[in-house]
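Notebook open. I want to look up how the chains of this model are built and write down what I find.

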Amino acid sequence: MAAHKSFQGATEAAALKSKEYRGVSPIIWHIWRRPFTWLIALVGLAFALLPALGDNVQLRESLLLAAVYITLASNLNIVLGYTGYVNFGNIVFFGLGGYICVYLVSEWLWPLSAAALIAGISVSLLALIFGLGILRLRGAFFALATIGVNEAVKAFVSNFEPWGGATGIYLSLEVYEPLGGPRQALWTVYFLIVAVMTGSLFLSYAIKSSKFGLGLLAIGENEDAAAVLGVHTPLYKALAYSVSAFLPAIVGGLFFFKTGIIEPGGAFDLTRSIETIVMVMLGGLGTVTGAALGAFLYEELRGVLLTTEAFSHFQLVIAGLLLLGIVLFAPGGLMGFIYGRWPRVRRLLA
Amino acid sequence: MTALLEVTGISKRFGGLQAVHDLSLTVLDGEILGLIGPNGAGKSTVFNLINGVYPPDKGRIVFKGQDITGEPPYRIARHGLARTHQIVQPLVGMTVLENCTVGACFGRAHLPLGPAREVVREAAEIVGLTDRLDDLAGQLTTAGKKRLELARALSARPELLLLDEVLAGLNPTEIERMITVIRRIRDGGIAILMIEHVMRAIMSLSDRIVVLNLGGKLAEGTPREIASNPDVIAAYLGEPEPTAASRGV
């Protein structure tokens, strides 16, 4: 029994130490001291400043789309990359967030930021409820269920008269007045989207560095083994699903406020869902840098393809080929390749 | 010595196969209980029933005086029960350190990340994996993966450890080392229920042994009693020749 005490005793000491960690909120403390945190801040700053300094509207529009996709890809990565669940219907968060926000702004005359925040919270709660249900499914069945969720919501919204049914909601120009008129509003919305994008990168990184993230990664590796080790798998999966809905819903609200129109086809576009999956896989599943880089590169590539006469109708063909190529030849994506070649980079990035 | 784990009359049927039938066993505080039996006797199923992978059809499982029958594995792990798998289940894309940290973070210890890493270092030292902590689990040898299973279970600071054939596939030197490790763990105050086919090891390690055959209990007793029990010799150790029994001891 004396030996028993010594082994347990040493671990008690470690447990005591844990109180100190708790005092300063370990995750914040951990990521604050990491260079990667500052890299994220720098990316956010660059996105905000580059178009603003030259008053370059064209650059702003291109970066806005990139920022939207980086947000979608980073959050999808929490479910797809960390937890290992293929969420084909991830765009439902974006569309539903867009609808709630646009509706609150146009009908209830709410200020944009409050409407977007409520959109984020309500979609996140809905995702938690859905998640507890459909995450009992695994593999292909889960993937199919997520498509089902997106299509069901789309069908519901198409027939929901308060939201304009199939024609959707058009915003009148007056809603932009509180933000200093349409021209100024475009800039404000852009900065907000960049802020949400930066927040997404921080969130991805914080989750990956946390105990919660460790549990998700363990589920992604081997769900049964994770449960045997004590990971509350049903709860963790549902939380991941719910967390990954929050910022996409907000960015959906901002995006559709900016475009001034939202209708079911554009809001719940399955193609966009699939493209987001391609982005994450292109950059590297489960890596913060990869999801963001993949989204940025894919969005830029698409920009080039769309404006090139010969390719403008083949954008999806290229996406399909790209996905096939990644799955077959580079399952680790760009970051997988980089980490494989220069393992030291792994310590710097996440 | 009080009972740490009390299994009473559990049964489990898979389709037409009665895998476990009306089995009762007790693990006392601080002891090593061996669970042996021929292939297909239902040993691994007993483990899966105890740690909640499947609920039993009948019977009760009480751990530390608390009824845990039918609870899911993640809850049972939190009560202080950890296990290794016969077919190793490493989280291959994660390092040895990360694998064990999962055990320390989510098992009975339930530590935050920082302190969890300290506990993992202790566990890794006990099983001899200290210099492999930063390697990916998928890169370990079979013996390495067996040790990882053990280190990961140990990182949870369990009160009861279920070891499912941790010696299988190891060479004689590795077996010797592992036996020392298991003794050390028991001496550290952790009770062990172990399934093993390596007779020499189970006979020397166990305080008591339960023999399973066709899903039910065939015999129970000290290693000496088991080795000389004619039913056991007939069902498990082979033909009842006197040499077989003496070799078993």
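I start with two terms. Two strands pair if DSSP finds at least two bridges between them. Helices (H or I, at least four residues) and strands (E, at least two) are DSSP runs, numbered from the N terminus.

**Entry 1: ground rules**

I note that this is a predicted model, where local features need pLDDT of at least 70, side-chain atom pairs count only at pLDDT 80 or more, and totals for chains, interfaces and linings use all residues. Residues are numbered from 1 along each chain as its sequence is written, while chains are lettered from A and ligands numbered from 1 in the order in which they are written.

I looked up the scores next. The model has ipTM 0.90 and pTM 0.89. pLDDT is the predictor's confidence in each residue, from 0 to 100. For chain B its mean is 91, and 94% of the residues of chain B reach 70 or more.

**Entry 2: the six-stranded sheet of chain B**

In what order do the six strands of the open sheet run? I read β6-β7-β8-β3-β9-β10 in chain B, with mixed pairing. β6 (81-83) and β10 of chain B are the edge strands, and each pairs on one side only. From one strand to the next, the twist averages 20°. Angles here run from 0 to 180 degrees between N-to-C directions, and axes are lines fitted to C-alpha atoms, for helices over the stretch in contact.

I then followed β9 of chain B. Strand β3 (residues 32-36) of chain B pairs with β9 (residues 208-213) of chain B in the parallel sense, over four bridges. I found B:L33 opposite B:R208. B:G34 stands opposite B:I209.

With β10 (residues 216-221) of chain B, β9(B) pairs in the antiparallel sense over five bridges. B:V211 is opposite B:A219 there. The hairpin of β9(B) and β10(B) has two residues between the strands, and B:L214 in this hairpin takes a positive phi near 50°.

**Entry 3: the four-stranded sheet of chain B**

I moved on to an open sheet of four strands. Its order is β2-β1-β4-β5 in chain B, with antiparallel pairing. The edges are β2 (17-28) and β5 (66-67) of chain B, each pairing on one side only. β4 (residues 58-63) of chain B joins β5(B) in the antiparallel sense over two bridges. In this pair, B:F63 stands opposite B:Q66.

Which helix lies across β1, β2 and β4 of chain B? I found α1 (residues 43-50) of chain B, running at about 65° to β2(B).

I need one more cut-off. A residue is buried if 20 or more other C-beta atoms lie within 10 Å of its own, exposed if 12 or fewer, and partly exposed in between; C-beta atoms are placed from the backbone.

B:H110 sits in the loop between α3 (96-106) and α4 (113-127) of chain B. Phi of B:H110 is positive, near 50°, and B:H110 is not a glycine. Is B:H110 buried or partly exposed? B:H110 counts as partly exposed because it has 17 C-beta neighbours inside 10 Å.

B:R157 lies in the loop between α5 (142-155) and β7 (160-164) of chain B. B:R157 also has a positive phi, of about 50°, although it is not a glycine. B:R157 has 26 C-beta neighbours inside 10 Å, so B:R157 counts as buried.

**Entry 4: chain A**

How many helices and strands does chain A have? I counted 17 helices and two strands. The radius of gyration of chain A is 21 Å, close to the 20 Å that the globule rule gives for 350 residues, so chain A is as compact as a globular protein of that length. The radius is taken over C-alpha atoms, and the rule is 2.2 Å times the number of residues to the power 0.38. The C-alpha trace of chain A spans about 80 × 45 × 40 Å along its principal axes. Of the 350 residues in chain A, 47% are buried.

**Entry 5: A:L179**

I found A:L179 in the loop between β1 (169-170) and α8 (181-208) of chain A. A:L179 is partly exposed, because 19 other C-beta atoms lie within 10 Å.

Methods:
Two residues are in contact if their C-beta atoms, placed from the backbone, lie within 7 Å.
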